Amino acid sequence: MCGLFGIITKDFLSTNEVDLARQLGIVSQLRGEDSTGMFTVFRKKNKKFGHSIVKHVGDSSNFFHQKNSIAAMMQPKTLIIAGHCRKATGGKINHDNAHPFREAHIIGMHNGVIPSFDLKELGEDRHTDSEEFFIRLAHVGLPTAIDQAGPGAYAFVWLDMKTQTLNFVRNHA
């Protein structure tokens, strides 16, 4: 299964905290080496927030040596770094299937398996059960998306850009 990692602050992340997030990401590759991705949230002018998404096919050790990964983490006024190390349990190993996924106002990542989402039945445009969950979350809301996911093991982390909230949900499986 995959690994989730992150760091958040009420002010701005220090250089030491950014390095800690990088170390957490490298340790998390023990949970998955197929791809690595992250999103960051940073404060912009007028109390607005911006975000960046960076994805990479391969392990997090290589991910954190890429210039675009470092640049995303080192944004001035960064508040949140949230990352994902993927162990592919369904879907191809490619850039599109690396987490996080963005659908409408949702940017999210998932650890686990959602067996009720049969990708063959959903069609070619759905690549992973994780992507399908975030599509549903964005369009039908959390209670319905969780109900449709059914039993299985999961932990979800997502940024809702509409409500400007960072969210976590896990089940007990």
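The buried residues of helix H1 pack against strand E1 (3-8), helix H2 (60-63), helix H3 (67-73) and strand E4 (78-86). Here "buried" means under 20% relative accessible area, and "exposed" means over 50% (1.4 Å probe, protein chains only). Helices (H or I, at least four residues) and strands (E, at least two) are DSSP runs, numbered from the N terminus. Keep in mind that this is a predicted model, where local features need pLDDT of at least 70, side-chain atom pairs count only at pLDDT 80 or more, and totals for chains, interfaces and linings use all residues. Residues are numbered from 1 along each chain as its sequence is written, and side-chain values use heavy atoms, with hydrogens and water left out.

So who does the packing in H1? Val18, Ala21, Gly25 and Ser28 are its buried residues. Looking down the axis of H1, you'd see them fall within an arc of 80 degrees, so they line one face of the helix. (The arc is that of the directions from the helix axis to the C-beta atoms.) Turned away from that buried side, you'll find the exposed residues Thr15, Asn16 and Val27.

Now hop over to serine 52, which sits in strand E3 (residues 49-57). Serine 52 counts as buried because its relative accessibility is 15%. Its side chain joins that of threonine 40 through a polar contact of 2.5 Å; such a contact is a pair of N or O atoms within 3.5 Å, and within protein, one must be able to donate a hydrogen and the other to accept it, while residues adjacent in sequence count only if both atoms are side-chain atoms.

Key:
Contact means heavy atoms within 4.5 Å.
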